[in-house]
Amino acid sequence: MDLTSQILQYVLSGITVGAIYAIIALGFSLIYNAVEIVNLAQGEFVMLGAMLAVYVLQAAGVPLFAAVLIAIVVVGGVGALLGLAAIHRLKKSSPLSLIIITIGASIFFKGVAMHLWGKDALPLPAFSSGDAIEVHGAVLVPQSLWIFGITALMLLGVYIFYERTSFGKAMRAVAVNKHGARLVGINVNRMVVWAFAISAALGAVGGIIVAPVTLASYDMGTMLGLKGFCAAILGGLGSGGGAIAGGLILGILENLGAGLISSAYKDAIAFVVMLLILFVRPSGLFGGRSADGR
Amino acid sequence: MDARSQSPRYHFLAFPIVGALLAALPFALHNNYYIGVMVFIGIHTILALGLNLLMGYAGQVSLGHAAFYGIGAYTTAILTTMLKWPPWVGLACAPMVAGLAAYLIGMPTLKLKGHYLAMATLGFGMIVKILFVEYYPLTGGTSGMTGIPPLSLGKLQLVDDRQFYYVVWFFALMLIWVSYNIVESRVGRALRAVHTSEIAAASVGVDIAKYKIQVFVLSGVYSGLAGALYAHYIRFVNPDPFGFMFSIQLVVMVVVGGMASIWGAIAGASAITLLSQVLQRFEDYEVIVFGAILVLVMIYMPQGLTKSIVDLTARRRSAKPSKPEVLP
Amino acid sequence: MLVALVAGIICPAVGALAPYKIGGLFAITGPASPLGTPERDTALLMEKQINATGGINGHPVKLIIYDTKSTETDTVLAAKNLISQGVVAIVGPSQTGESLALLDTASRAGVPVISCAAGVKIVQPVNKWVFKTAQSDVHAVARLVDYMKKKGINKISILSVSNAFGDSGKQQLRIQCGAAKIKILSEETFGDKDTDTTSQITRIRGKRPQAVVCWGTNPGPAIVARNMKQLGLKIPLLMSHGIANHKFIELAGDSANGVIFPAGRLIVVNDIPASDPQKKALLAYANAFKKQYKRDPDTFGGHAWDAIQLVKEALAKVGPDKAKIRSFIENKKNYVGIGGIFNFTPQDHNGLGKNAFVLVTIQNGKWRLTK
């Protein structure tokens, strides 16, 4: 296998994981836009989606797509509940204590999942069978195509939602100016709950499409969530396009680094690159406004 | 409320009382396990103090503070096992190395704001932990380093839990005192100004960058000392205790205890350390219970334990709602 | 009815004497929980079994089990808690790091600790008070190296998990492959939470080894097996005893077939000839575990079984004296257990040899003894 096809392989693998990071990063951005807090339970939505899909598939014996749908809806509901808890204290609490609430929630979700579904990893069948596709000596599994396709669909859906529907526009208004949004009669609290629900559902989708490749386990969420957070920051927190770019860049760099330099420093490379980018562009690659934490 | 809890007289009274209580405690506890828990509360208090200065007074969140803790632990481990330096020298070098690391990482990162700063510190923490794992010749990799010598006073080796308890709390109380003096000094006022509004602080001539880096280094020094104490207590170090989850736990300690409150650091460190011990009996459920408690505490006491309790007692005493907080 | 009556007669008799307290430290939560949970279950099963059969010399056994949460700090605190409650010995912890963190506490308090973790550092250099029942990777690697030599494999790539287990395996592979003139073309690692190893395998493919040796515990190795199949790398995949539970086959699916790894005899108990001295002990444990929990036991639980069995024999012989229990175990010979036949000496606190392992091949989703 020559170097070019090796590099192609790293890039393809990178895009596959990068797409997942992008979906998670998008979830971060959605909530950040609505309430300006970082939801550190985002990774657990990914885990819950994957685990629920496996569980529903095995326990209820329904077809795969039905299991997937049920999982997405349930996780969306869980997200809405977390949103309710957050807005409950939104005005009285500092952003930091809200972040701690999301940390508590993430520990809680992880504990519940461990209890319900055990401590071992679980497999989810691939969406379609078939052999790996060969591209110039590099290999692509069919599930990767599903991941690319579904990620693209999700991104398009979010775009249309924000740009073309009045509901989405209202949500954007909340992001830009809460007070103003309230004045024109938008129910800000409802919007916040919806933002949580949508971002949870997005996370669930990410978990479900990646589970056939990576397996599902109760503790898969933390690292995926962190990488998603990393991607969101890289692209510029609150920017949809930035989330996608950040995810893909992170995924590709990680795999190139692991392949060409050293797999031992795989994660280190990702974080070093992120630090360097932050030092050069302190608000991320596509962060337009200065995203101050407060 | 805030002003009173920080007033000099309040501390003047509290300090000897807390000191005397801590000195007497081992005589009341006949169980080495409880002493061991107290040792860890002491170590966590030192960590929380440093992070509290950074978060509460300078308003900078760090999600990678476990790295400084680890750097401290590994520094003394390497110096005392490989170079055979005396443990006290290792203990003295650890905070310096951790402080230097904080300076080097702080210079570029502290220019970042809010979540970007948090993310940068998180990345730094991850990188440091990977270095602990991968730099095998120096750190022993994931299997860690054994054979770290105990601290000693003259001929007396401090291997007993009780002896170590006094060592740890001596340092903890000393740092509480130091922190208190910093907070009450010009630097402290400048820090609070930075926290309240950076622009306003800058406009009255506060050199923000300088104060921020000073506090960052200081909190690195605290964490390094805590790490060295850990290393000489357990006498074994490996990378696991210095990962992301512990960084998060430290932030939780600070916020639960109450930010911008010296005593909040003790309260938070004690609450989180004790909670995880008390929850032992729940076995598989302990994670769930811990998460639920964390969420509930933050929903009902968003200001943290110390302030909420001070609030509550103030309300009882005056039978009137406490005055709304007025910022200076 | 009769059973209840007999039990009713025995129980008060058992309760009459002071119970023997044994401590258990297992990673019930946290990353090592797939190891700690079967160990805990086995320990509970044995406590029940011992007490149902009249205890040890009439003394009932009381197991006090604490969760180490897979962290060193909690392990040390829990151990202090156990010691202050007067346990005669501590069984566990589940991981190498946790066990090493206990060395100092154990020797200072003078409590025998019988670790269930694999790392060789736990017993080398020997700590007077610390033993372990899990087979060392030294012997696992020795088995694999024998196999590779037999098959004429002399160029390999190593893929190991970046934790103490993977590290220790990698060190041993370097030493023993060097001695056996097997060339290591490349060394790759993956994180224990990694979800994708295609970049590592692509790198390995570029090096053209004759076989891949993957050293890790679930779920990483299952991902490796899947990725290797996906990338069409059709060379022998050799693994470690870290995959010796059903989970690996379940997770890796088809890709598991053909994987060869060294393991204790427990998982291939049906293939083991009746003449094997371990057969009886293996069946006793497997059947008891299956009866209680309605699932097959795994090697990790077997480590706890051996550890508690050793403490039980010591208690029966020398009573609840920690120093005597320690020297009983140190001098124990020919203990036929789950992990192998143990022969402890003051220099060897593991007491196992290369023959503790057999080579197992996965065929059609089943474990078979490699012929």
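At what angle do helix 12 of chain B and helix 13 of chain B pack, and how many Å apart are their axes? In this predicted model, the angle is about 120 degrees and the axes lie 7 Å apart. Chain B also touches chain C and chain A, and the points below take these contacts in turn.

**Two helices within chain B**

- Helix 12 of chain B covers residues 244-257, while helix 13 of chain B covers residues 262-278.
- Angles of 65 to 115 degrees count as roughly perpendicular and those over 145 as roughly antiparallel, so helix 12 of chain B and helix 13 of chain B are oblique to each other.

**Where chain C meets chain B**

- Chain C brings 27 residues to this contact and chain B brings 25.
- On the chain C side, helix 3 gives the most, with 8 residues.
- Strand 2, helix 4 and helix 6 of chain C are among the elements that each supply at least two residues.
- The chain C side divides into 9 nonpolar, 11 polar and 7 charged residues.

**Where chain A meets chain B**

- Here 42 residues come from chain A and 31 from chain B.
- Helix 4 of chain A provides the largest share of the chain A side, 14 residues.
- Helices 3, 9 and 11 of chain A are among the elements giving two or more residues.
- The chain A side is made up of 26 nonpolar, 10 polar and 6 charged residues.

Definitions and conventions:
Residues numbered from 1 in each chain as written. Chains lettered and ligands numbered in written order. Predicted model: local features only at pLDDT ≥ 70, side-chain atom pairs only at ≥ 80, totals over all residues. Axes fitted to C-alpha atoms, helices over the stretch in contact; angles between N-to-C directions. Helix = DSSP H or I, 4+ residues; strand = E, 2+ residues; numbered from the N terminus. Parallel < 35°, antiparallel > 145°, perpendicular 65-115°, else oblique. Contact = placed C-beta atoms within 7 Å. Nonpolar A, V, L, I, M, F, W, Y, C, P; charged D, E, K, R; others polar.
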